[in-house]
Amino acid sequence: MANLDTSQAISSEAAISYAAVGGSGDRVKYEPGMFVVIRNGSGSSTTATVTVPGNTPYGVANPVKTKTIAAGADVPIPLLPAYVDSTDGRVAISCTPTTTVSIAVMRA
């Protein structure tokens, strides 16, 4: 699992820099206005999953957020405060499958 820090975030004027997604997922350092772009370079869809820490008021685990990315598509996913793991200040994101799938961390 790779840690992607805010130093890898870019402004809208810069070229987007993508990295291969980690086989066991990635963790993005949270800052307000951050989002990730998942690029699916494969010939089939991939699913991006954001693991939301904690429990609901009913005591069950918070539901994960999933987003299906079509073959050849780039999809932005905003990072919300509710997604942050309070132990390290990061958001956990994974993709399945990972072949030819990449991620960019950006700031709005």
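Author: Start with pairing: two strands pair if DSSP finds at least two bridges between them. Strands themselves are DSSP runs of E with at least two residues, and helices are runs of H or I with at least four, numbered from the N terminus. In this structure, β4 and β9 run antiparallel and are joined by 7 bridges. Within that pairing, Val 36 stands opposite Val 105 of β9.

Reader: What should I know about the model and its numbering?

Author: This is a predicted model, in which local features need pLDDT of at least 70 and side-chain atom pairs count only at pLDDT 80 or more, while totals for chains, interfaces and linings use all residues. Residues are numbered from 1 along each chain as its sequence is written, and side-chain values use heavy atoms, with hydrogens and water left out.

Reader: How many helices and strands does the protein chain have?

Author: The protein chain has 0 helices and 9 strands.

Reader: Which strand does β4 pair with over 5 bridges?

Author: That strand is β7, and the pairing is antiparallel. Here Val 37 has Pro 76 in β7 as its bridge partner. These pairings belong to an open sheet of 4 strands in the order β2-β9-β4-β7, paired antiparallel. Its edge strands, β2 (19-20) and β7, each pair on one side only.

Reader: Why is β4 largely enclosed by the rest of the structure?

Author: Buried means under 20% relative accessible area, exposed means over 50%, and partly exposed lies in between (1.4 Å probe, protein chains only). Because 6 of the 7 residues of β4 are buried, the strand is largely enclosed. Across the protein chain, buried residues make up 39% of the 108 residues.

Reader: How do I read a nonpolar core?

Author: In soluble globular proteins, nonpolar side chains tend to be buried together. A nonpolar core is a set of buried Ala, Val, Leu, Ile, Met, Phe, Trp, Tyr and Cys residues joined through side-chain atoms within 4.5 Å. The largest one here has 21 residues, and those with the most contacts inside it are Val 36, Ile 38, Leu 79, Val 91 and Ile 93. At least two residues of this core come from each of β4 (34-40), β5 (46-51), β7 (74-78), β8 (90-96) and β9 (101-107).

Reader: Which residues does Ile 93 touch?

Author: A contact means heavy atoms within 4.5 Å. Leaving aside residues up to four places away in sequence, Ile 93 touches Gly 25, Asp 26, Val 28, Val 36, Thr 49, Val 50, Leu 79 and Ile 103.
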